[in-house]
Amino acid sequence: MRFLLAFLALIPIQAMSLKDFNARPAADRSAYVADFIDKMTTDLRAKNPELAQSIRTWFAVKSEGKTSSEGMERLNVELGAVEIKAQQGKADLSKVQLESVIVWVVKQKFPPPSK
């Protein structure tokens with residue numbers, strides 16, 4: 001639970017909605033995601049350097065023959081799923097925060113230890 005609370009504390013008060021995120025140019029979107037992951041892992045490094053490095057690697061290192069990393073591929077799949085839900089009227093992109101999706105994806109890949 002502390003793991004999740006630590007991540008949630010990293011979400012800025014003025015988090016970016018997916019509606020606003022999608023309105024930005026592709027280069028700005030990539031930079032915003034990279035900046036958030038950098039801030040998240042920098043804050044995490046003090047308490048868990050191995051996890052911080054694993055998250056950075058998962059988002060940054062591309063496998064041979066791939067155009068993006070496994071983490072970015074997973075994030076794009078989840079963002080696409082939210083877009084589909086929005087098209088079906090089941091989600092409001094102005095109320096879904098990009099940072100929350102990133103944290104959720106990270107939590108799925110690196111679940112907090114069970115007690």
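This is a predicted model: local features need pLDDT of at least 70, side-chain atom pairs count only at pLDDT 80 or more; totals for chains, interfaces and linings use all residues.
Residues are numbered from 1 along each chain as its sequence is written. Local features need pLDDT of at least 70 and side-chain atom pairs pLDDT 80 or more, while totals for chains, interfaces and linings use all residues, and side-chain values use heavy atoms, without hydrogens and water.

Select residues 26–45, helix H3 (helices are DSSP runs of H or I, at least four residues, numbered from the N terminus). The expected span, 1.5 Å times one less than the number of residues, is 28 Å for these 20 residues, and the end C-alpha atoms are 28 Å apart, which agrees. Now colour Tyr32, Val33, Phe36, Ile37, Met40, Thr41 and Leu44, which are buried (under 20% relative accessible area with a 1.4 Å probe, protein chains only; exposed is over 50%, partly exposed in between). Looking down the axis of H3, these buried residues fall within an arc of 150°, so they line one face; the arc is taken from the directions from the axis to the C-beta atoms. The face turned away carries exposed Ala27 and Lys39.

Next, select Trp58, Phe59 and Phe110, a cluster linked by ring pairs (ring centres within 6.5 Å, using the six-membered ring of Trp; planes under 30 degrees apart are stacked, over 60 edge-to-face, the rest tilted). There are two aromatic pairs. Trp58 and Phe59 are edge-to-face, at 5.0 Å centre to centre and 70° between planes. Trp58 and Phe110 have centres 5.7 Å apart and planes at 90°, so this pair is edge-to-face. The Trp58–Phe110 pair joins helix H4 (residues 49–60) to the segment after H6, 52 residues apart. Trp58 and Phe110 are both buried.

Definitions and conventions. Helices (H or I, at least four residues) and strands (E, at least two) are DSSP runs, numbered from the N terminus.
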